[in-house]
Amino acid sequence: MPIIRVEDLSKVYRLGEQDVTALEGVSLTVEEGVFMAIAGPSGSGKSTLLNIMGCIDTPSKGRVEVSGKDVSGQTPDDLADLRARTIGFIFQTFNLLPVLSAHENVEYPLLQIPELSKAERSERVEHYMSMVGLGKYAHHRPNQLSGGQRQRVAIARALVTHSRIVLADEPTANLDRRTGESILNLMRDINQDSGTTFVFSTHDKRVMNRADRLVRMEDGQITALGLKREGSWIFVQDRRKPEDDPDI
Ligand SMILES: Nc1ncnc2c1ncn2[C@@H]1O[C@H](COP(=O)(O)OP(=O)(O)OP(=O)(O)O)[C@@H](O)[C@H]1O
């Protein structure tokens, strides 16, 4: 069963007197366990698509299913619960709370799960902090951590609720190349070890080439859909123009 399915999505933002079409007729199936990259130029709709798949934004038109459930009929409380228990987010600017320690940042989403005791929360936080290699940094505040370490905290925070899906908006954009690679390796290891589905947007060709599924976007539409087979991309839908980059 696909873990996310979107059908004929459109999103129009009203900006003053103008309508801006961010997505137009986007349909996509995300199978459980994939490591999927969404690539495309700035303004092509990558973040809008991720936000709608993660139920933090709603489409103007179209259908969104998460874990087989149509989310359009759900109340804001149901959606908050679905997000809290199923979906983790990672952002390019890390989005950690500056006044909280690394441990407290990771613990924060667990406060929305009332059946967990304080001891269970601590045990989970320690497990994920050590999984991302930050066991010794629990008491550091974000401004006492490097960019790569902050993104590791964000990864632990995304996983601590036992999310089956992690959506990451340009997770390596603010990191130098080596640190970005180590973050990507960490995400890939977690994907392979635990089967957690990852969908991430990127501009970076090296990052997209690490994926096993590739969605190419242009002007709010999907122009190509790639599957990795024995190290090469096979495109099952391809509406790219001849002047587009042939590699992606
Ligand atoms: N809140 C908003 N209000 C108005 N227009 C918006 C809003 N959010 C996005 N847009 C517009 O929608 C289009 C798609 O934006 P989106 O952020 O999804 O693109 P993107 O591919 O993620 O870009 P980038 O790579 O620069 O982050 C753009 O034209 C953008 O200006």
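Predicted model: local features only at pLDDT ≥ 70, side-chain atom pairs only at ≥ 80, totals over all residues.
I would like to start with a detail: in the hairpin of strand 9 and strand 10, where two residues lie between the strands, Asp-219 takes a positive phi near 45 degrees. Helices (H or I, at least four residues) and strands (E, at least two) are DSSP runs here, numbered from the N terminus, and two strands are said to pair if DSSP finds at least two bridges between them.

Residues are numbered from 1 along each chain as its sequence is written.

Now the chain as a whole. It has seven helices and eleven strands. Its radius of gyration, taken over C-alpha atoms, is 18 Å, close to the 18 Å that the globule rule gives for 248 residues, so the chain is as compact as a globular protein of that length; the rule itself is 2.2 Å times the number of residues to the power 0.38. Along the principal axes, the C-alpha atoms fill a box of roughly 55 × 40 × 40 Å. Buried residues make up 38% of the 248 residues, where buried stands for 20 or more other C-beta atoms within 10 Å of the residue's own, exposed for 12 or fewer, and partly exposed for the values in between, with C-beta atoms placed from the backbone. Taking contacts as pairs of residues whose C-beta atoms, placed from the backbone, lie within 7 Å, we find that 67% of the contacts between residues at least 6 apart in sequence join residues at least 24 apart.

Strand 7 (residues 165-169) and strand 8 (residues 197-202) run parallel and are joined by five bridges, and Val-166 stands opposite Phe-198 in strand 8.

Which strand is mostly covered, with five of its six residues buried? That is strand 9. Four bridges join it, in parallel, to strand 3, with Ile-38 opposite Val-215, while six bridges pair strand 9 in the antiparallel sense with strand 10 (residues 221-229), where Ala-224 is the bridge partner of Arg-216.

The other sheet is open too, with four strands in the order 2-1-4-5 and antiparallel pairing. Its edge strands, strand 2 and strand 5 (69-70), each pair on one side only. Strand 1 and strand 4 (residues 61-66) are antiparallel over five bridges, and Ser-10 stands opposite Lys-61 in strand 4. Helix 1 packs on this sheet as well, touching strand 1, strand 2 and strand 4, with its direction at about 125 degrees to that of strand 1.

A residue counts as near a molecule if its C-beta atom, placed from the backbone, lies within 6 Å of it, and the shell around the ligand includes Tyr-13, Leu-15, Val-20, Ala-22, Gly-40 and Lys-46. Two or more residues each come from strand 1 (2-15), strand 2 (18-31) and helix 1 (46-53), and helix 1 gives the largest share, three residues. The shell divides into four nonpolar, seven polar and one charged residue, where Ala, Val, Leu, Ile, Met, Phe, Trp, Tyr, Cys and Pro count as nonpolar, Asp, Glu, Lys and Arg as charged, and the others, Gly among them, as polar.

I will finish with backbone angles. Asp-8, which lies in strand 1, has a positive phi near 50 degrees although it is not a glycine.

How values were computed:
Contact = placed C-beta atoms within 7 Å. Axes fitted to C-alpha atoms, helices over the stretch in contact; angles between N-to-C directions.
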